[in-house]
Amino acid sequence: MALRRLSAREYAINLAMTMASWPVYARREWANREQLDAFALKRTRDMAVHAGRTVPIYAERYRDAGVDPAAIWTWDDVRRLPLMDKATIVEGYPDRSVARGADLSRCLLSTSSGSSGRMMTVPHRADRFWPYLLSGQRMLRWAAGGSYPFWWRQAYVYTSEYPLLRVPGLYPLRFIPTASEPDAILAELERYKPHLLHTYPSVLRDIVALDAERMRGLGLRGVSVGSELSTQEERDGWEAALGCRVRDEYSSEELGRIASQCPDGRYHLHEDVVHVEILDPDGRPTDGTGEVVGTELHNRTMPFVRYRQGDLARIVDEQCSCGRHTRLLVDLAGRSNDGFALADGRRLAPGFLLDACYRALIAAGEGVASAYRFVQINPAQADFEFVPGPDFDPSAEGVMAESLQGEVAGSGLEVRVRAVDAIERPPGGKRATVFRAF
């Protein structure tokens, strides 16, 4: 979630750069494999050189491994660079994992709400946010079948509001918080009458179940879902109910927009935003299912070079019927956090619960927990388990308990906060941070 809004100057710069770069990004969407590889290799080399020269944790890793990023000329050279992991970056923030000379006051600080059980703050230069705006526009355009006119209204049901100013008539947006009840969300959608909807699968699941006919009556042109796991069968069912395309996207705070479904329904990697590798357990490239490792190609404030994302997937390099030449992501595993099921039949969305955990940890103080998970034991009880961090104080338990109990007020849930020695995670690393145990 972004902690502040863009200033007028920052917004103007982003708007100008977005308009100037739009034709380039549009052409790159249809580039051939050779062009895409050449672009990604050059940007990967540039980012690795920058990280090695300005970010202490990368400089040390490269020195210890005896590699020089300036000597990168092929993908085999790239694979000699050591991998980077989340724990190292989190523990080094900000002094050792942010580029020297970076001014965090000029950044948007985006904080992961902890789908892997560890929170991470990712700074982006606020006046250099335009690549992410372009990739987001691409994602929504694909969800609508390939067209997204500037006058179309977009509603997004999300945990926090985008940090953008508004230009009247230019890609109008309406924020609806996930904390709202499904009937309130549906009523707001009916008032706003959006052309496009972007939300969590759990939210869409709830509002379609509430009244599919009212949802169909919105006349949506496309729906984009993400941040949580949904199946293709579910999305096909939502398409039939809503009368429009429903497309999934795969992204993270660290790597940005990784992949999204094209109008024909296949997951295309956004290869001008992040270069993705799939590695086996020994860190070697594999054509089978392996760990997603990415190099983000734009964020020079806090680089992510050969970063272990933690999810499992497979990449195939074959032609899609839509005509685009980017590689395709298949067999994605991860993002499978559950919502909580309440005794009266209501559900608490996993996105809302992840943010509730984030707010509780922030209230308790930085460094009180190094990992956590939120487990619903039964319809009346949920346990918040955490591993004490270096700055843990016993009073933090009460602060977290009070915060979480307030978040779920009216749900009938009693929240118990428990310190544990360790939290087990299955392969893929990002599964079941918020889940039901019944």
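The largest cavity in this predicted model has a volume of about 70 Å³. A search of the whole structure turns up 2 cavities of 30 Å³ or more. Around the largest cavity stand Arg28, Glu29, Leu36, Arg138, Trp142, Leu269, His270, Glu271, Asp272, Arg324 and Thr326. Sorted by class, this lining holds 6 charged, 3 nonpolar and 2 polar residues.

By class, 4 of the residues lining the second largest cavity are nonpolar, 3 are charged and 1 is polar.

Strands of a sheet pair through backbone hydrogen bonds, in either a parallel or an antiparallel manner. Here, 4 strands form an open sheet in the order β18-β17-β16-β19, and the pairing is mixed. Strands β18 (414-419) and β19 (434-436) lie at the edges with a single partner strand each, so one side of each has no neighbour in the sheet. From one strand to the next, the twist averages 20°.

Within this sheet, β16 (residues 369-378) and β17 (residues 381-388) run antiparallel and are paired over 8 bridges. Val375, for instance, has Asp383 in β17 as its bridge partner. Helix α12 (residues 395-407) packs on the sheet, where it touches β16, β17 and β18. The direction of α12 makes about 150° with that of β18.

Methods: Residues numbered from 1 in each chain as written. Predicted model: local features only at pLDDT ≥ 70, side-chain atom pairs only at ≥ 80, totals over all residues. Heavy atoms only, no water. Pairing = 2+ DSSP bridges. Helix = DSSP H or I, 4+ residues; strand = E, 2+ residues; numbered from the N terminus. Axes fitted to C-alpha atoms, helices over the stretch in contact; angles between N-to-C directions. Contact = heavy atoms within 4.5 Å. 1 Å grid on protein atoms, 1.4 Å probe; cavity = no way out; pocket = protein on both sides within 12 Å on 5 of 7 lines; lining within 4 Å. Points joined across faces, edges and corners; volume = space filled by probe spheres on them. Nonpolar A, V, L, I, M, F, W, Y, C, P; charged D, E, K, R; others polar.
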